[in-house]
Amino acid sequence: MANFDLGSFQEQISSQQRALPPIETWSPDFCGNIDMQIKHDGSWFYMGTPIGRKALVKLFASVLKREGDEYFLVTPVEKVGIQVEDAPFIITQWHIKEGELVLTSNIGDVLKVSAENPIELFNDKLTGATLPYAKVRRNLWARFHQNVFYQLAELGQEQIIKGQSHLTLASGDYRFSLGTL
């Protein structure tokens with residue numbers, strides 16, 4: 001477990017600009033793992049205690065990085081490992097705007113479903129169920145909340161893909177599967 005000062009880390013990332021920081025350009029040394037976890041329901045915990053301030057969660061999420069199956073919080077000078085039970089984000093809201101599906105995550109990320117923000121089917125790491133996930137940014141994905149999934153399933157149409165019957169939707173000219181039938 002890394003010797004980690006949450007206040008110092010928060011200061012480092014708070015001093016960055018309001019837009020997403022350019023974490024792809026940072027190459028800090030790995031400082032070890034910390035006792036921070038993103039639970040299956042999208043809630044964040046530090047040392048077993050929920051992080052209740054949404055602004056703080058958004059701040060940490062802005063410097064979240066995924067490498068393979070591992071997750072890290074990074075600043076220009078530190079890189080610390082954290083645990084993620086499934087996906088770091090949950091899609092909690094949706095609407096259609098000008099024929100495109102617009103999704104909102106539990107931390108307020110808004111994305112239009114497209115080739116840049118695709119929907120893929122993955123196995124939920126906790127339940128094993130095959131579910132739709134949306135790419136939010138930087139190889140970070142959000143699992144559809146059950147309510148969102150059911151609401152979108154009502155709009156789906158059956159389509160045969162590679163010999164299997166799928167429930168599909170379109171966002172603009174991008175078509176995707178919500179799962180097999």
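Modeller: Let's start at one spot: isoleucine 90 stands opposite arginine 143, and arginine 143 is in strand 12. Before we go on, remember that this is a predicted model, where local features need pLDDT of at least 70 and side-chain atom pairs count only at pLDDT 80 or more, while totals for chains, interfaces and linings use all residues. Residues are numbered from 1 along each chain as its sequence is written, and side-chain values use heavy atoms, without hydrogens or water.

Now the neighbours of strand 12. (Strands are DSSP runs of E, at least two residues long, and helices are runs of H or I with at least four, all numbered from the N terminus.) Strand 7 runs parallel to strand 12, and the two pair over 3 bridges; strands count as paired if DSSP finds at least two bridges between them. Strand 11 also pairs with strand 12, but in the antiparallel sense and over 4 bridges.

Strands 11 and 12 form a hairpin, with 2 residues between them. In that turn, arginine 138 has a positive phi of about 45 degrees.

How enclosed is strand 12? It is largely enclosed by the rest of the structure, because 5 of its 5 residues are buried. (Buried means under 20% relative accessible area, exposed means over 50%, and partly exposed is in between, using a 1.4 Å probe and protein chains only.)

Even so, its side chain has charged partners: arginine 143 makes a salt bridge with aspartate 86, and their closest N and O atoms are 2.6 Å apart. (A salt bridge here is a side-chain nitrogen of Lys or Arg within 4 Å of a carboxyl oxygen of Asp or Glu.) Aspartate 86 sits in the loop between strand 6 (79–84) and strand 7 (89–97), while arginine 143 is in strand 12, so this pair ties together parts that are 57 residues apart in sequence. Aspartate 86 is buried too, at a relative accessible area of 4%.

Arginine 143 also meets the side chain of aspartate 124 in a salt bridge, at 3.7 Å from N to O. Aspartate 124 belongs to the loop between strand 10 (119–123) and strand 11, so here the link to strand 12 joins parts that are 19 residues apart in sequence. And aspartate 124 is buried as well, with a relative accessible area of 3%.

For some contrast, look at another pair. The side chains of aspartate 69 and arginine 66 form a salt bridge at 3.6 Å, N to O. Aspartate 69 is exposed, with a relative accessible area of 61%, and arginine 66 is partly exposed at 21%. Elsewhere, Lys65, Glu67 and Lys79 are linked in a network of salt bridges. Altogether, the structure holds 9 salt bridges.
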